[in-house]
Amino acid sequence: MDFRTKRVVDFRTKRRGGLTAALAAVLVAVTACTSSGGDKPGPGPSDQPAETARPGVLRILAGSELQDLAPVLEEARKATGVTVQFAWTGTLDGADAVSSGRADGKYDAVWFPSNQYLRLDPVGKSKVLSETPVMVSPVAIGVRSSVLGDLGWGDGSKVTWAQVGDAAAAGKLTYGMADPSRSNSGFSTLVAVASAFSKADSALSEADVQKATPQLKQFFTGQKLTSGSSGWLAQAYTRAESGVVGALVNYESVLLSLNKTLPAQQQLTVVRPLDGVVSADYPLSLLSSAAPDQRDAFQRLTSYLRKDEVQKRISEVTLRRPAAAGVAPAAGLPTDRRPELPFPGTRAVADGLLAAYQNDLRRPSRTVYVLDTSGSMEGARISALKTALGRLTGADDTRGVRRFRNREEVTLLSFASSVKWTKTHLVPPTGSQPGPQAELAAINADVQSLSATGGTALYDSLEEAYRVIGRQQAAANDDRFTSIVLMTDGESNSGATDADFKRFHDALPAWQKSIPVFPIRFGEAAVSQLQGVADLSGGKLFDGSGSLDGAFEEIRGYQ
Amino acid sequence: MKRALGVVAALALLGWVAYALVPEDKRADVVTVSGLIGSEKRDFFDNPDVKAELRKRGLEVKADSTGSWTMSEQAKNAKGLDFAFPASAAPARDIQRNWELKDSPLVPFYSPLVIVTHESAAQVLKQNQLADVDAGSGVWTFRMDKYVEALRTGRKWKDLKGAAEHPELAGMLYVSTTDPESSSSGAMYLALLAYVANGNQVVSDDAGVNTVRDVLATSSRLQGMQKISSDEPFRDFFAGVGTLVFAYESQAAALPLQGKSTGDMVVMYPDTTVQSDHTLVARTDNGRKLADVLENDEVLRKLEARFGLRPQEDQEAFWNLVKDRKPPSFARDLRGSGFKQATLPSLDNLVKLTNAAKGNA
């Protein structure tokens, strides 16, 4: 990853000619080793994972929520001499990395909220040698206190999934939830509601999912925020106007920790539905490919983490429950029990549930891509863009992590000195004739027709995207997750300025103001301009300079 | 088999006595013994007293803990292993076959399989004749024939008298186990269930497999995803995950024996029981030495009992420790207390039963 950053710096000092070729080479190299782009290392308790194994160092591919364990791992390092190096990724992407062998030799262990999805795959299952559950947290609903009162739910300790579903269907409960195709909290929520609504009373079958479909659709009308990461979800909840988002679905520990930073009127009451929860037990898992020295380090670290006093400390630091007998959970964690809803036992059921969520159950999306096709994009850049966007029209995507979803409205806006063209496609619903394939092929045809010429009127074009959405919304009067992706390789050099855009944005009606823009930095893009757009709109900046494929795919979790 | 074991033990004992006579400070360096252990024995091998005693005997154990059947898979390729220590005889036989070993492996200790639950669930099961508690000893039993019937008829907790008062008792009635493809306790559970569902006879042919197929498949289907090895569901139980959890008696007994609170945990013995013979397959002399000291070193035997294990060569050690610590109540001697012992199927039939449970072709 150092490599990636360094190369980007190099680009800026080079002249354009050699640059495109170098970029193309790096793109190939990076996409070959990370198809998802999700395993981007972030800040951790220590350095990023090294390429090769070193004595006393465990390289762990992990869920980013484990950042909160940093103080415990620092104590562990002092006590055991084992240093942990983390690389972060989503649970399901991480499972893919293990199953495909991409983790072999690169990481010594994996540490996700759960290995359930990983173990559905026979190859993935065989790659894990040893698991130690470290701490437990159930997925719960954090309800804004005022909403809790309006719903008459008292202190929240006697609420069932049926009540939650009814409140969502009646428009009285709106919530944010992470994308289940990426995040374990989202997936666990999906399993829990499908179990509860189908009255399966045991592990879900395909028939159960069918049976629960009408109720699930109603439940998901209440989902107002989607996200590829829990961090952004919490931010989006915080900035949403009161009344727009009344609740967040996430791990109990995340909700309780969030309360420490939220102002009084935004405090969340943690509701664990009476009829069942799905819990994460954070198994620290040794990969079979690990070398003897790393195996030894793994044993030392897990032995330490299992100690009673360390379990107690973990609970206090993270607000998760100890995975040990006789160790009391931290203050504030309720101890009354909930039935544990089982996780599907087959990949077919799990992937079927995810595909149903993306294509049929959730609110559909209105997705606008604002694409820079100025002259500087010519050559390798425009072909990288075509590849990255074209991948989103492919059929090879069993759990709905990339492909444009059935019922999704996709608009492509090609711009340079001005908007060149705008094309809108509506992917038809499941079961329609002709099926989604024809429309996906039409989107791809438009993508492949992109050509690079002209200047960069960034803000003008972005403003046009808002107007397009305004017309679309007025014509359809429908209820969709609406968002804008802004991809550029340069600085805005014609038309409106950032100050103009700020005025434009300030004058928008509230519903349009809340549309997040997800800029992708690429080439010589002006990071400050893009960050400004992300901050103003409540979006998030993505880095496409390493892997454009990865950035486009990652953003799917937010659309 | 028994006789052969005795001979090996006696020879080993001689060697050990000779070794023990050497003064401690004159002993050769401690050798590292590498192996694979079932995750249920992890705490035992992690214990400082156990480590110290092993070091006195010249051994330092480095072991990865995993599921017993995963271990059998791993052992095929792993070089440099001195031993493998699964939780039962079947994976041990499989490992022996792969390592082309002829000598009989040692069984230093054993542990019956139990079902751990909370007081509320145990009482509801009792009210509905699915469980019983002995007034004198306080030992709980789990009625396997009634349970098989419950699986066959799809009974739910809400069908049971008294369950309504406990909202945490919801969904279908089933015991949670580990994955029988990776873990010995999950496989032992299938063997037990098959034995009872087959009219208290071991399944010894395809007709038998077919007789029990539906019950086994139901038991697996209800559970959905299962954990890789027994340490995980047992730990999760104390974080509130799981209602009826299949576990080793040793896991449950180790807690009170080490002064840990078990809350309202109840230990239920299936009235037809299976026991796990912790079987050490030694590939090298150092591995054999480890097996030997685990079986014969008196200090280690005491430590084994302290971890809830029942040393083969000291049948009362376990009982002497647990008898005065209640609750939970533990059984003294299952055979002597009228528990039927399920006969375990052959390795081939166990594989067939696992496939039947998983719905594999």
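## Core, chains and contacts

Author: This is a predicted model.

Reader: Which residues have the most contacts inside the largest nonpolar core?

Author: The largest nonpolar core has 220 residues. In soluble globular proteins, nonpolar side chains tend to be buried together. Within this core, the residues with the most contacts are Ala109(A), Val110(A) and Ala191(B).

Reader: Which helix of chain B gives the most to this core?

Author: The contribution in question amounts to 11 residues. The helix spans residues 184-197 of chain B, and its name is α8.

Reader: How many residues are in another core that lies apart from the largest one?

Author: Members of this other core include Ala388(A), Val447(A), Tyr459(A) and Val517(A). The core lies apart from the one of 220 residues. Its size is 47 residues.

Reader: Where in chain A does pLDDT stay under 50?

Author: The mean pLDDT of chain A is 89, and 91% of its residues reach 70 or more. One stretch stays under 50, and for it the model has 61 contacts beyond four places in sequence. That stretch is residues 1-45 of chain A.

Reader: What is the radius of gyration of chain A, and why does chain A count as compact?

Author: Chain A holds 22 helices and 18 strands. For its 559 residues the globule rule gives 24 Å, and the value for chain A is close to this, so chain A is as compact as a globular protein of that length. Its C-alpha trace spans about 70 × 55 × 45 Å along the principal axes. The radius of gyration of chain A is 23 Å.

Reader: What is the radius of gyration of chain B, with its 361 residues?

Author: Chain B contains 15 helices and 12 strands, and its C-alpha trace spans about 70 × 45 × 35 Å along the principal axes. A compact globule with 361 residues would have a radius of gyration near 21 Å, and the value for chain B agrees with this. That value is 20 Å.

Reader: What percentage of the residues in chain B are buried?

Author: A residue is buried if 20 or more other C-beta atoms lie within 10 Å of its own. Applied to the 361 residues in chain B, this gives a buried share of 55%.

Reader: What distance separates the centres of domain 1 and domain 2 of chain B?

Author: The domain assignment gives domain 1 of chain B as 2-110 + 277-322, and domain 2 as 112-274 + 335-358. Between these domains, 23 residues of domain 1 are in contact with 23 residues of domain 2. Taken over C-alpha atoms, their centres are separated by 28 Å.

Reader: Which element gives the most to the side of domain 1 of chain B that touches domain 2 of chain B?

Author: Elements giving two or more residues to that side are α2 (42-46), α4 (68-77), α5 (89-99) and α14 (317-322) of chain B. The largest contribution is 4 residues, and it comes from α5(B).

Reader: Which element supplies the largest share of the side of chain B that touches chain A?

Author: Between the chains, 36 residues of chain B are in contact with 38 residues of chain A. On the chain B side, β2 (59-66), α4, α9 (206-223) and α10 (231-238) each supply at least two residues. By class, this side divides into 11 nonpolar, 14 polar and 11 charged residues. The largest share, 5 residues, comes from α10(B).

Definitions and conventions
Residues numbered from 1 in each chain as written. Chains lettered and ligands numbered in written order. Predicted model: local features only at pLDDT ≥ 70, side-chain atom pairs only at ≥ 80, totals over all residues. pLDDT = per-residue confidence, 0-100. Contact = placed C-beta atoms within 7 Å. Core = buried A, V, L, I, M, F, W, Y, C linked by C-beta atoms within 7 Å. Buried ≥ 20, exposed ≤ 12 C-beta atoms within 10 Å, placed from the backbone. Rg over C-alpha atoms; globule rule 2.2 N^0.38 Å. Domains from an automatic or database assignment. Nonpolar A, V, L, I, M, F, W, Y, C, P; charged D, E, K, R; others polar.
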